[in-house]
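Hi,

Here is the structure I promised to pass on. Have a look at it first, and then read my notes below.

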Amino acid sequence: MMSERPEAPKPPLYLAAIALAIAGFLVGKELDLGWLRLVTKPLPVLIMAAAILGRRPDRYSRRIALGLVASAGGDVCLEISGPLFIPGVFAFLVAHLFYIAAFLRRSAAPSLLRALPYALWGWLAFSALRPGLGELEIPVAVYCVALCTMGWRSSALLGRGHGRDVWIAAVGALLFQISDTILAFNLFHAPIAGATAMIMTTYWLGQLGIAASAMSPERTRV
(Lines give C-alpha, C1' and ligand atoms only; values in the text may rest on other atoms or scores of the structure.)
Protein backbone atom coordinates (compact mmCIF):
# COMPACT_ATOMS: atom_id res chain seq x y z
CA MET A 1 0.00 0.00 0.00
CA MET A 2 1.41 3.36 -1.03
CA SER A 3 1.87 5.92 1.73
CA GLU A 4 -0.04 9.13 1.35
CA ARG A 5 1.88 12.29 0.57
CA PRO A 6 2.16 14.50 3.68
CA GLU A 7 -0.17 17.46 3.53
CA ALA A 8 1.59 20.70 2.63
CA PRO A 9 1.54 23.50 5.21
CA LYS A 10 -1.37 25.90 4.95
CA PRO A 11 -0.89 29.40 3.45
CA PRO A 12 -1.19 31.12 6.88
CA LEU A 13 1.82 29.11 8.09
CA TYR A 14 3.86 30.21 5.10
CA LEU A 15 2.82 33.82 5.66
CA ALA A 16 3.80 33.56 9.32
CA ALA A 17 7.20 32.16 8.33
CA ILE A 18 7.68 34.98 5.82
CA ALA A 19 6.75 37.58 8.45
CA LEU A 20 9.21 36.01 10.91
CA ALA A 21 12.00 36.09 8.33
CA ILE A 22 11.28 39.72 7.52
CA ALA A 23 11.28 40.56 11.23
CA GLY A 24 14.68 38.88 11.54
CA PHE A 25 16.03 40.96 8.67
CA LEU A 26 14.70 44.17 10.23
CA VAL A 27 16.30 43.28 13.57
CA GLY A 28 19.58 42.63 11.77
CA LYS A 29 19.27 45.97 10.01
CA GLU A 30 18.46 47.86 13.22
CA LEU A 31 21.27 46.24 15.23
CA ASP A 32 23.73 46.21 12.33
CA LEU A 33 24.11 42.42 12.46
CA GLY A 34 25.43 41.56 9.02
CA TRP A 35 25.22 37.81 9.54
CA LEU A 36 21.55 38.02 10.53
CA ARG A 37 20.68 40.15 7.49
CA LEU A 38 22.55 37.75 5.23
CA VAL A 39 20.71 34.72 6.63
CA THR A 40 17.22 36.22 6.72
CA LYS A 41 17.12 38.36 3.58
CA PRO A 42 16.66 35.47 1.09
CA LEU A 43 14.29 33.51 3.35
CA PRO A 44 10.99 35.24 2.39
CA VAL A 45 11.32 34.39 -1.31
CA LEU A 46 12.61 30.88 -0.54
CA ILE A 47 9.54 30.29 1.62
CA MET A 48 7.34 31.51 -1.25
CA ALA A 49 9.10 29.05 -3.57
CA ALA A 50 8.59 26.24 -1.07
CA ALA A 51 4.89 27.12 -0.81
CA ILE A 52 4.55 26.77 -4.59
CA LEU A 53 6.57 23.58 -4.89
CA GLY A 54 4.57 22.00 -2.09
CA ARG A 55 1.40 22.14 -4.21
CA ARG A 56 2.40 19.85 -7.11
CA PRO A 57 3.09 22.82 -9.39
CA ASP A 58 2.38 23.00 -13.12
CA ARG A 59 4.83 24.49 -15.62
CA TYR A 60 3.79 28.08 -14.94
CA SER A 61 4.17 27.63 -11.19
CA ARG A 62 7.52 25.84 -11.48
CA ARG A 63 8.92 28.72 -13.51
CA ILE A 64 7.72 31.19 -10.91
CA ALA A 65 9.32 29.07 -8.18
CA LEU A 66 12.62 28.97 -10.08
CA GLY A 67 12.46 32.74 -10.41
CA LEU A 68 12.04 33.03 -6.66
CA VAL A 69 15.02 30.75 -6.03
CA ALA A 70 17.15 32.84 -8.40
CA SER A 71 15.97 35.96 -6.56
CA ALA A 72 17.16 34.44 -3.27
CA GLY A 73 20.61 34.10 -4.78
CA GLY A 74 20.43 37.74 -5.84
CA ASP A 75 19.41 38.75 -2.32
CA VAL A 76 22.50 37.08 -0.86
CA CYS A 77 24.85 38.60 -3.45
CA LEU A 78 23.47 42.13 -3.10
CA GLU A 79 23.60 41.93 0.69
CA ILE A 80 27.30 41.08 0.45
CA SER A 81 27.65 43.54 -2.48
CA GLY A 82 31.19 44.61 -3.46
CA PRO A 83 32.58 41.94 -5.82
CA LEU A 84 29.22 40.11 -5.77
CA PHE A 85 27.18 43.05 -7.08
CA ILE A 86 27.34 41.90 -10.73
CA PRO A 87 26.54 38.26 -9.82
CA GLY A 88 23.59 39.62 -7.84
CA VAL A 89 22.34 41.56 -10.84
CA PHE A 90 22.79 38.45 -12.98
CA ALA A 91 20.81 36.34 -10.49
CA PHE A 92 17.89 38.76 -10.65
CA LEU A 93 18.20 38.86 -14.44
CA VAL A 94 17.74 35.08 -14.43
CA ALA A 95 14.74 35.49 -12.11
CA HIS A 96 13.10 37.90 -14.58
CA LEU A 97 13.75 35.48 -17.44
CA PHE A 98 11.94 32.74 -15.51
CA TYR A 99 9.02 35.11 -14.82
CA ILE A 100 8.89 36.14 -18.48
CA ALA A 101 8.86 32.46 -19.50
CA ALA A 102 6.03 31.82 -17.03
CA PHE A 103 3.93 34.72 -18.32
CA LEU A 104 4.56 33.66 -21.93
CA ARG A 105 3.33 30.22 -20.95
CA ARG A 106 -0.02 31.80 -20.17
CA SER A 107 -0.14 34.00 -23.29
CA ALA A 108 2.28 34.82 -26.10
CA ALA A 109 0.02 37.48 -27.64
CA PRO A 110 2.19 40.45 -28.72
CA SER A 111 0.21 43.16 -26.85
CA LEU A 112 2.60 45.76 -28.27
CA LEU A 113 0.58 48.73 -27.04
CA ARG A 114 0.99 47.48 -23.49
CA ALA A 115 4.75 47.42 -24.01
CA LEU A 116 4.87 51.20 -24.60
CA PRO A 117 4.58 52.43 -20.97
CA TYR A 118 7.17 49.92 -19.82
CA ALA A 119 9.54 50.87 -22.64
CA LEU A 120 9.08 54.55 -21.76
CA TRP A 121 9.69 53.81 -18.07
CA GLY A 122 12.89 51.93 -18.87
CA TRP A 123 14.17 54.56 -21.29
CA LEU A 124 13.53 57.48 -18.93
CA ALA A 125 15.02 55.69 -15.92
CA PHE A 126 18.12 54.53 -17.80
CA SER A 127 18.66 57.97 -19.35
CA ALA A 128 18.60 59.55 -15.89
CA LEU A 129 20.90 56.89 -14.41
CA ARG A 130 23.39 56.65 -17.27
CA PRO A 131 25.77 59.45 -16.18
CA GLY A 132 26.44 57.66 -12.89
CA LEU A 133 26.76 54.10 -14.15
CA GLY A 134 30.32 54.11 -15.45
CA GLU A 135 31.46 50.56 -16.31
CA LEU A 136 28.10 49.20 -15.17
CA GLU A 137 26.27 50.86 -18.07
CA ILE A 138 25.89 47.72 -20.18
CA PRO A 139 24.90 45.32 -17.33
CA VAL A 140 22.33 47.82 -16.06
CA ALA A 141 20.98 48.38 -19.58
CA VAL A 142 20.50 44.63 -20.09
CA TYR A 143 18.87 44.27 -16.70
CA CYS A 144 16.58 47.22 -17.39
CA VAL A 145 15.36 45.59 -20.61
CA ALA A 146 14.63 42.32 -18.78
CA LEU A 147 12.84 44.11 -15.92
CA CYS A 148 10.62 46.12 -18.24
CA THR A 149 9.93 43.08 -20.40
CA MET A 150 8.83 41.17 -17.30
CA GLY A 151 6.39 43.93 -16.41
CA TRP A 152 5.10 44.09 -19.98
CA ARG A 153 4.48 40.35 -20.22
CA SER A 154 2.60 40.37 -16.91
CA SER A 155 0.34 43.15 -18.20
CA ALA A 156 -0.18 41.25 -21.48
CA LEU A 157 -2.18 38.65 -19.54
CA LEU A 158 -4.82 41.11 -18.36
CA GLY A 159 -8.28 40.90 -19.92
CA ARG A 160 -7.61 37.75 -21.92
CA GLY A 161 -9.97 35.37 -20.18
CA HIS A 162 -7.61 34.53 -17.33
CA GLY A 163 -8.65 34.63 -13.69
CA ARG A 164 -8.01 37.27 -11.07
CA ASP A 165 -4.57 35.77 -10.43
CA VAL A 166 -3.13 37.60 -13.45
CA TRP A 167 -4.05 40.91 -11.83
CA ILE A 168 -2.16 39.80 -8.73
CA ALA A 169 0.83 38.93 -10.89
CA ALA A 170 0.67 42.25 -12.76
CA VAL A 171 0.54 44.26 -9.54
CA GLY A 172 3.39 42.18 -8.14
CA ALA A 173 5.49 42.77 -11.24
CA LEU A 174 4.78 46.51 -11.05
CA LEU A 175 5.87 46.65 -7.40
CA PHE A 176 9.03 44.72 -8.24
CA GLN A 177 9.78 47.25 -10.97
CA ILE A 178 9.19 50.14 -8.57
CA SER A 179 11.52 48.52 -6.03
CA ASP A 180 14.34 48.12 -8.54
CA THR A 181 13.86 51.65 -9.84
CA ILE A 182 14.19 53.10 -6.33
CA LEU A 183 17.24 50.91 -5.70
CA ALA A 184 18.92 52.04 -8.91
CA PHE A 185 18.32 55.74 -8.26
CA ASN A 186 19.52 55.38 -4.68
CA LEU A 187 22.74 53.70 -5.84
CA PHE A 188 23.58 55.54 -9.04
CA HIS A 189 21.83 58.90 -8.92
CA ALA A 190 21.42 60.33 -5.41
CA PRO A 191 20.70 58.90 -1.94
CA ILE A 192 16.97 58.66 -1.15
CA ALA A 193 15.70 59.12 2.40
CA GLY A 194 14.12 55.91 3.68
CA ALA A 195 15.24 54.04 0.57
CA THR A 196 15.79 50.69 2.27
CA ALA A 197 12.27 50.56 3.69
CA MET A 198 10.72 51.50 0.35
CA ILE A 199 12.91 49.08 -1.62
CA MET A 200 12.33 46.06 0.61
CA THR A 201 8.60 46.71 1.14
CA THR A 202 7.85 46.96 -2.58
CA TYR A 203 10.23 44.09 -3.35
CA TRP A 204 8.68 41.61 -0.93
CA LEU A 205 5.12 42.62 -1.79
CA GLY A 206 5.98 42.36 -5.48
CA GLN A 207 7.46 38.89 -5.10
CA LEU A 208 4.48 37.84 -2.98
CA GLY A 209 2.08 38.96 -5.72
CA ILE A 210 3.97 37.02 -8.38
CA ALA A 211 4.16 33.96 -6.12
CA ALA A 212 0.47 34.18 -5.22
CA SER A 213 -0.44 34.05 -8.90
CA ALA A 214 1.11 30.59 -9.02
CA MET A 215 -0.98 29.36 -6.10
CA SER A 216 -4.43 30.64 -7.03
CA PRO A 217 -6.99 27.79 -6.89
CA GLU A 218 -9.03 29.39 -9.70
CA ARG A 219 -6.19 29.33 -12.23
CA THR A 220 -6.39 26.95 -15.17
CA ARG A 221 -3.37 24.66 -14.99
CA VAL A 222 -0.93 25.17 -17.86
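**What I found**

Of the 222 residues in the protein chain, 45% are buried, where buried means under 20% relative accessible area, exposed means over 50%, and partly exposed is in between (1.4 Å probe, protein chains only). Before you go on, please keep in mind that this is a predicted model, in which local features need pLDDT of at least 70, side-chain atom pairs count only at pLDDT 80 or more, and totals for chains, interfaces and linings use all residues. Residues are numbered from 1 along each chain as its sequence is written, and side-chain values use heavy atoms, with hydrogens and water left out.

**The overall picture**

The protein chain has 9 helices and 0 strands; helices (H or I, at least four residues) and strands (E, at least two) are DSSP runs, numbered from the N terminus. Read from the N terminus, the order of elements is α-α-α-α-α-α-α-α-α.

How does the radius of gyration fit a compact globule? For 222 residues such a globule would come out near 17 Å, and the protein chain has 18 Å, so the two agree. That radius is taken over C-alpha atoms, and the globule rule is 2.2 Å times the number of residues to the power 0.38. Along the principal axes, the C-alpha atoms fill a box of roughly 65 × 45 × 25 Å.

Contacts (heavy atoms within 4.5 Å) also tell you something about the fold. Among those between residues at least 6 apart in sequence, 76% join residues at least 24 apart. The protein chain exposes about 11500 Å², with carbon and sulfur atoms supplying 71% of that area. Accessible areas come from the Shrake-Rupley method with a 1.4 Å probe, and for residues only the protein chains shown count as cover.

**A nonpolar patch**

On the surface, Trp 35, Val 39, Leu 43, Leu 46 and Val 69 form a nonpolar patch with about 450 Å² of accessible area together. Patches are made of residues with over 30% relative accessible area and no salt bridge; like charges are joined within 9 Å, and nonpolar side chains (Val, Leu, Ile, Met, Phe, Trp, Tyr) within 5 Å. Helix H2 (34–40) and helix H3 (43–53) each supply at least two residues of the patch. Trp 35 sits in helix H2, and it counts as exposed because its relative accessibility is 58%.

**Salt bridges**

Side chains of opposite charge can pair when their charged atoms come close. The rule for a salt bridge is a side-chain nitrogen of Lys or Arg within 4 Å of a carboxyl oxygen of Asp or Glu, and by this rule there are 5.

One of them joins Glu 79 and Lys 41 (3.4 Å, N to O). Glu 79 is in helix H4 and Lys 41 is in the loop between H2 and H3, so this pair ties together parts that are 38 residues apart in sequence. Lys 41 is buried, at a relative accessible area of 9%.

Another salt bridge is between Asp 165 and Arg 106 (3.0 Å, N to O). This pair links distant parts of the chain, with Asp 165 in helix H8 (residues 165–188) and Arg 106 in helix H5, 59 residues apart. Both Asp 165 and Arg 106 are buried.

Glu 137 and Arg 130 also form a salt bridge, with their closest N and O atoms 2.8 Å apart. Salt bridges that share partners join Asp 32, Arg 37, Lys 41 and Glu 79 into one network.

**Cysteines**

A disulfide is a covalent bond between the sulfur atoms of two cysteines. How many disulfides are there? With the cut-off of a pair of cysteine sulfur atoms within 2.5 Å, the count is 0. Cys 148 is in no disulfide, and the nearest cysteine sulfur, that of Cys 144, is 4.2 Å away. Cys 148 is buried, with a relative accessible area of 9%, and Cys 77 is buried at 15%.

**Two loop residues to look at**

Arg 56 has a phi near 50°, a positive value in a residue other than glycine. You will find Arg 56 in the loop between H3 and helix H4 (59–80), where it is exposed at 54% relative accessible area.

Ser 111 has a positive phi too, of about 45°, although it is not a glycine. Ser 111 lies in the loop between helix H5 (85–106) and helix H6 (112–129), and at 12% relative accessibility it counts as buried.

Cheers
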